[in-house]
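Hi everyone, thanks for coming. Please have a look at the sequence and the structure, and then I'll walk you through a few places in the fold.

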Amino acid sequence: IVGAAFSRKRIRPKSLLPFRVAREQARSGVLGWIKSRWFAPNAFKKFARMDSRLNGMYLPHWTYDCNTTSDYVGQRGDYYWETETYTAREGGRTVTKTRQVRKIRWSHAAGTVSNTFDDVLVVASHSLPKEHVIRLEPWDLESLVCYGDEYLSGFLAESYQVDLEQGFEVAKGIMQPEIERSVRHDIGGDEQRIFSVDTAYDDITFKHLLLPVWITAYRFRDRVYRVLVNGRTGEVQGERPWSWIKITLFVLFLLVVAGAAIVLLDKGGVFEQFGQFGRLGMSLAGVGGHATEVVLAPV
């Protein structure tokens, strides 16, 4: 952690997003988030409301821009239908029926797709739960300002723990789903199989930037739970304990409600009516000595 007056970085930040959400606004957001955790223990909620200290911190991130060219090999699947004959027992008799069966015709597919990626965001810190930091997105990166030490006054700033090369490997994983979507679109058809994708990354550029986060932590039953607030939008994400008593009572409540619904339906003769409809369908199926399909639809 670096003090507010200066920052020692191997690669100096190029830009940052200044804090826009005030401390009290962030505190209200945290308290509202904690209050809405229905299955958290009541003791945790009470303790957290009493001790909601917040620290403002700039977290390091990388963004990457690049163009990709991907050669792929796979298969294209196109649906077609065949008529299938089968036998069934209806009204105590064996009848012959037909049905349409969907099948897939597979053919070889290969080609090349290109994609352009802009501002692929990668968290460059290991000090906070990565999944919660990611859920603070989106960030208004179009509002980035040039880095200046004066923005750090009164806040903490963290040095990156994920270096430039490591960050780009993470960025590749973020880009992969979009590349796969492009490949599937290029293959076309109703279904696709992808056997291999070989991607080249060109015109790679990067930015090192700092993003504002309010952080609070609670120690509850020998474990620390952290809650994060997006310093631009007020989005709250974090960790919380679970009350298994509340969860068990809720499951029991659902079972009681389901049981009561079944009893009410049974008293109303709903199941008996369904049985009568079923017997009616079976009777009509054998009329005239041949199979007849009966469809009951609401009117």
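Let me begin with the words helix and strand: helices (H or I, at least four residues) and strands (E, at least two) are DSSP runs, numbered from the N terminus. What we have is a predicted model, where local features need pLDDT of at least 70 and side-chain atom pairs count only at pLDDT 80 or more, while totals for chains, interfaces and linings use all residues. Residues are numbered from 1 along each chain as its sequence is written, and side-chain values use heavy atoms, with hydrogens and water left out.

Now the overview. The protein chain contains six helices and eight strands, and along the sequence they come in the order β-α-α-β-β-α-β-β-α-β-β-β-α-α. Of its 299 residues, 36% are buried, and buried means under 20% relative accessible area (exposed is over 50%, partly exposed in between, with a 1.4 Å probe and protein chains only).

Next, how do the strands pair? Two strands pair if DSSP finds at least two bridges between them. Strands β2 and β3 run antiparallel and are joined by 29 bridges; in this pairing, Glu84 stands opposite Arg99 in β3. The β2 and β3 hairpin has two residues between the strands, and there Gly91 takes a positive phi near 60 degrees. Strand β2, residues 55-90, also runs parallel to β5, with two bridges between them, and Tyr58 stands opposite Ala157 in β5.

Is Ser70 buried or exposed? Its relative accessibility is 0%, so Ser70 counts as buried. Contact here means heavy atoms within 4.5 Å. Leaving out residues up to four places away in sequence, Ser70 touches several others, including Gly111, Ile179 and Asp198. Ile179 is 109 residues from Ser70 along the chain, yet their C-alpha atoms are separated by 7.6 Å. Another partner is Thr199, whose side chain makes a polar contact with the side chain of Ser70 at 2.9 Å. A polar contact is a pair of N or O atoms within 3.5 Å; within protein, one must be able to donate a hydrogen and the other to accept it, and residues adjacent in sequence count only if both atoms are side-chain atoms.

Moving on to a loop, we find Glu158 between β5 (156-157) and α4. This Glu158 is buried, with a relative accessible area of 5%. Which side chains does Glu158 contact? One is that of Ser125, at 2.6 Å, and another is that of Ser127, also at 2.6 Å.

Then there is His208, placed in strand β6, residues 191-220. His208 is buried too, at 2% relative accessible area, and its side chain reaches the backbone oxygen of His61 at 3.3 Å.

To finish, here is the chain seen from its contacts as a whole. Among contacts with a separation of 6 or more, 80% are between residues 24 or more positions apart.
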